[in-house]
Amino acid sequence: DSKKTEFKLPNPMFNVLNGGSHAFNSTDFQEYMIVPTGIDDFENSISAGFQIYNKLKNILEIKNLPTTLGDEGGFAPPGLSNEDPLKLLSNAVSETGLTLGQDIKFALDVAASEFYNESSGNYELKSENKNVSSIELTEIYKNLVTDYPIYSIEDGLSEDDWGGWKKLTNTIGKNIQLVGDDLYVTQKKFLDRGIDEKAGNSILIKLNQVGTVTETIENIKLAQKNNFETIISHRSGETEDTFIADLAVGTDSTQIKTGAPARGERVNKYNRLLLISDVIKEKFNLKAKNNLVGKYR
């Protein structure tokens, strides 16, 4: 398109606090992410993630909390409730001078399958000594979304709780991005079911989960055709390969998950995106914009 003046790059979802199975003696929820949903320039959006991450490290040190890293490069302090990380992140954003709810919003990867008791049908929130139903857990999310600028919840319920997923989507899915990872496992048959049953409204795409680039692209196209957001994702056991950055740009996916701004296997994906943005600006003379288009941001 010769009239095109700008090019959209995927919105980075920085996983800066880890819990669940990715950290020891921490929160039930697995990932707490900061997302520059209101920063137009792509380079500035990457810079914001690094700034908040460094402020968060300072805050943890002042509180005498350890700053050791979880599987995906986020900090993994022990002894926190499921809400405490959101308070820490709110403080970190405030200290950068960025505006919470405008420049920056939060995203959760709950990984609820990890604390779902299949025999009872309840969710065991061990950090809070609670056993809750899917309806009660949905209420917890409703309250968190009211109190904090959370726009995305991934795997809010178990992969086996399809009835709960439908109720969750019906309850908060009009305004909140509800992402299926364990629910869909990048498989067409599960995505088809989610579309048909209105269980979730967005899909996490993991290339090596489905196995081929062809199948991956087919799933992305199917999701986008049905107004599902597509989020390209790394894995917790990640390599140095940067292909997912190119995949996210090439498929016009609105978001990318590739961990905290720490360690080479995470940072090199961000560097690859910055290189792509430079090529867009210098070779094609287009603006490289952060992808702010999306129903839930």
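**Exercises on a predicted chain fold**

**Exercise 1.** In this predicted model, determine how the radius of gyration of the chain relates to that of a compact globule with 297 residues.

Solution. For 297 residues, a compact globule would have a radius of gyration near 19 Å. The chain has 18 Å, which agrees with that expectation. As a next step, consider the extents of the C-alpha trace, which spans about 60 × 50 × 35 Å along its principal axes. The secondary structure of the chain comprises nine helices and 13 strands.

**Exercise 2.** Locate Lys198 and Asn227, and describe the backbone and the exposure of each.

Solution. Begin with Lys198, which sits in the loop between helix H5 (188-197) and strand S10 (202-205). Its phi is near 55 degrees, a positive value in a residue other than glycine. Because its relative accessible area is 60% and the cut-off for exposed is over 50%, Lys198 is exposed. Continue with Asn227, placed in the loop between helix H7 (213-225) and strand S11 (229-233). Although Asn227 is not a glycine, its phi is positive, at about 60 degrees. With a relative accessibility of 52%, Asn227 also counts as exposed.

**Exercise 3.** Identify the residues that gather with Glu118 in a surface patch, and state the charge of that patch.

Solution. Glu118 lies in the loop between strand S5 (116-117) and strand S6 (122-125), and it counts as exposed because its relative accessibility is 61%. On the surface, Glu118 gathers with Glu114, Glu159 and Asp160 in a patch of negative charge.

How values were computed: Residues numbered from 1 in each chain as written. Predicted model: local features only at pLDDT ≥ 70, side-chain atom pairs only at ≥ 80, totals over all residues. Heavy atoms only, no water. Patch = residues over 30% accessible without salt bridge, like charges linked within 9 Å, V, L, I, M, F, W, Y side chains within 5 Å. Areas by Shrake-Rupley, 256 points an atom, 1.4 Å probe, with all protein chains shown as cover. Salt bridge = Lys/Arg side-chain N within 4 Å of Asp/Glu carboxyl O. Lys, Arg positive; Asp, Glu negative; His and termini not counted. Charge placed at Lys NZ, Arg CZ, Asp CG, Glu CD. Helix = DSSP H or I, 4+ residues; strand = E, 2+ residues; numbered from the N terminus. Buried < 20%, exposed > 50% of the residue type's maximum accessible area, 1.4 Å probe, protein only. Rg over C-alpha atoms; globule rule 2.2 N^0.38 Å.
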